[in-house]
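Subject: Structure handover

Hi,

Here is the structure for you to look at. My notes follow below.

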Amino acid sequence: MADIITAEDLTKVYRGKVTAVDHISFQVREGEIFGFLGPNGAGKTTTIKMLNTLASITDGHATVAGHDVAKEPGAVRKSIGVVPQELTADDELSGRENMVLMANLHQVWRASANSRIDSLLSLVDLQEASGRKVKTYSGGMRRRLQLVMGLLHEPKVLFLDEPTLGLDVQTRTRMWQYIKQLNKERGLTVFMTTHYLDEADSLCDRIAIIDHGTIRASGSPAELKEAHGGDIITLTVSNDKEDLTAFLSSIEGVKGVTREGRVYRIRLPKTEKALPSIVAGVVQKEAGIEEISFSKPTLDQVFLDVVGKSMRDEETSQSDSAWENIKMERAR
Amino acid sequence: MFREMFALTLRALRKWVRNPASIMPGLFTSLFYLVLFGNSFNPANLIPGGTSGPASSVLQAAFGGAPTYITYLTSGVICIILVFNMAFGGIDLVLDRQLGYLNSLLTAPIPRAAIFLSGVAQNLVKVLVLGVLTFIVALLIPNGLQLPGSFNVLDLLGVFGAFIFLGLGLSFIFTALALSVRSIDSLVAIVNFLTLPVMFMSNAFFPPSSFPDWLKTIANLNPVTKANEAARLLLINGSLTSAQVTTYMWDMVYLVGFATLLGVLGYLAARRALRPE
């Protein structure tokens, strides 16, 4: 499939001082859901802003739908839909009025506008509420409305900046369904940023992890998990007469072993291959297996490995750099 | 271009109309100026015989022939309402930026000029509605605005023609300012710094003939003075002498020039403010 977004050495330096994005390169293929993951202040929103023509490009270059972002911003704007992090639907207007406004702003003529508005509103189950003012909507309804507000002009690429921020688990799952449906049924390419690793895992065909303005890892969730996480076997033996670390490490395919008393944690790319030799070996050593379990890798592990801290720490810790504070201030 | 501009203007006005409370502060301001200021600062009260005696004709002459102080003041209050509401009308635009609404406009294929002009248009419509309401209030209050017998619809159009060009110029510059600042605080600071001098260095409350020379010079260059001069000619005299028509025309030329100049400056500033960050 052809690349619909390309970025080469894309760089953004604010006021000649703060480097928010530092020479990143990536491609997004037509028809895929591409996820941009990273902690606060990593450069996610700045990257999206450059691709959306909201931020100028300091160095490098980017194309969206075949148009150079810096040279043909008008053509880029026609081919993209943007769903920002902030809730920008107008409170005082009804859901339908917001849609009509967006249609007018995107030069969608009345006849086709009305049928598109109807089909998009029913896609996100907002037909019934469409006459009500947006200020009476729940958070989930606002996000859904905003999702389809970005689609009236049938863009080729949809940019979603944290599409499920602040939603409860159920509502998030429904949002995922809508996004998947749009991607499958309409062949829409989706470029999204997210904080939620499970969201990226279940939605995205490919992911890039960005930290301190550079891309640290990219690939499909499965590839990343295999490269950075792998499976983990947790083995509890019934006696600790002998240290099995060296033995376990020598088994083919095992990437690492840590021991805490009688509990061994064995890292390996695929459990199925090495499990028989591990069990056989432990039995042979007469260590006795009290408990054995294995877990499939999660993107959390990948993230921890790549960024050096887990997303959860990131969410609770105070952001330390001035730049992060500025960004958070602006996000409010 | 015009379709987008119209859609954006309609959105703003729709919100405004749906929230009747938003018009009340402006209306109260004009009521306070006309009734409270108009009665307490009435110069006729200071001079014995100021209201009916021989002194009253001296006063009348000083106030351009206005039969009452409120007749003179009405036009000034409309201008003040125009300046203040135009200046603070920008708050909505700053909020649009802060809430991310402006960004969603900027990522759409909307000409930047349409975003600017819709800001200009929405502010202009809002303050002109307030201006008309102020005019009606002035007519309704006791001892208020006393129109000459010959005053007709054309005169009314002539009065508001002056206000429209003053308002247009102000709207250009205050819309550009609102698009350029990043916080409501800085907008309020700049606006507070600007509005009082504009108001006092004009003929809004008193004729500049009583001002010291330096202030008179500035006041005579102030577009608020020109708008008041033009409007008062019609409000006080109704049908104009040919000399008065000439004065009116020159005032209008001045106001159109003022609006054109600020239109160009405002557009350049807005274009700069709407550039990618």
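Two residues are in contact if their C-beta atoms, placed from the backbone, lie within 7 Å. The contact takes 20 residues from chain A and 20 from chain B. The chain A side that touches chain B divides into eight nonpolar, seven polar and five charged residues. Here Ala, Val, Leu, Ile, Met, Phe, Trp, Tyr, Cys and Pro count as nonpolar, Asp, Glu, Lys and Arg as charged, and the others, Gly among them, as polar.

This is a predicted model: local features need pLDDT of at least 70, side-chain atom pairs count only at pLDDT 80 or more, and totals for chains, interfaces and linings use all residues. Residues are numbered from 1 along each chain as its sequence is written, with chains lettered from A and ligands numbered from 1 in the order in which they are written.

Now the strands of chain A. Helices (H or I, at least four residues) and strands (E, at least two) are DSSP runs, numbered from the N terminus. Strands pair if DSSP finds at least two bridges between them. S13(A) covers residues 263-268. S11(A) (residues 231-237) pairs with S13(A) in the antiparallel sense over six bridges. There, A:Asp231 has A:Leu268 as its bridge partner. S12(A) (residues 256-260) also runs antiparallel to S13(A), joined by five bridges. A:Glu260 stands opposite A:Val263. In the hairpin of S12(A) and S13(A), two residues lie between the strands, and A:Gly261 takes a positive phi near 65°.

In chain B, H4(B) spans residues 69-98. Just after H4(B), B:Gly100 takes a positive phi of about 90°.

Best wishes

Key: The expected span of a helix is 1.5 Å times one less than its number of residues. A residue is buried if 20 or more other C-beta atoms lie within 10 Å of its own, exposed if 12 or fewer, and partly exposed in between; C-beta atoms are placed from the backbone.
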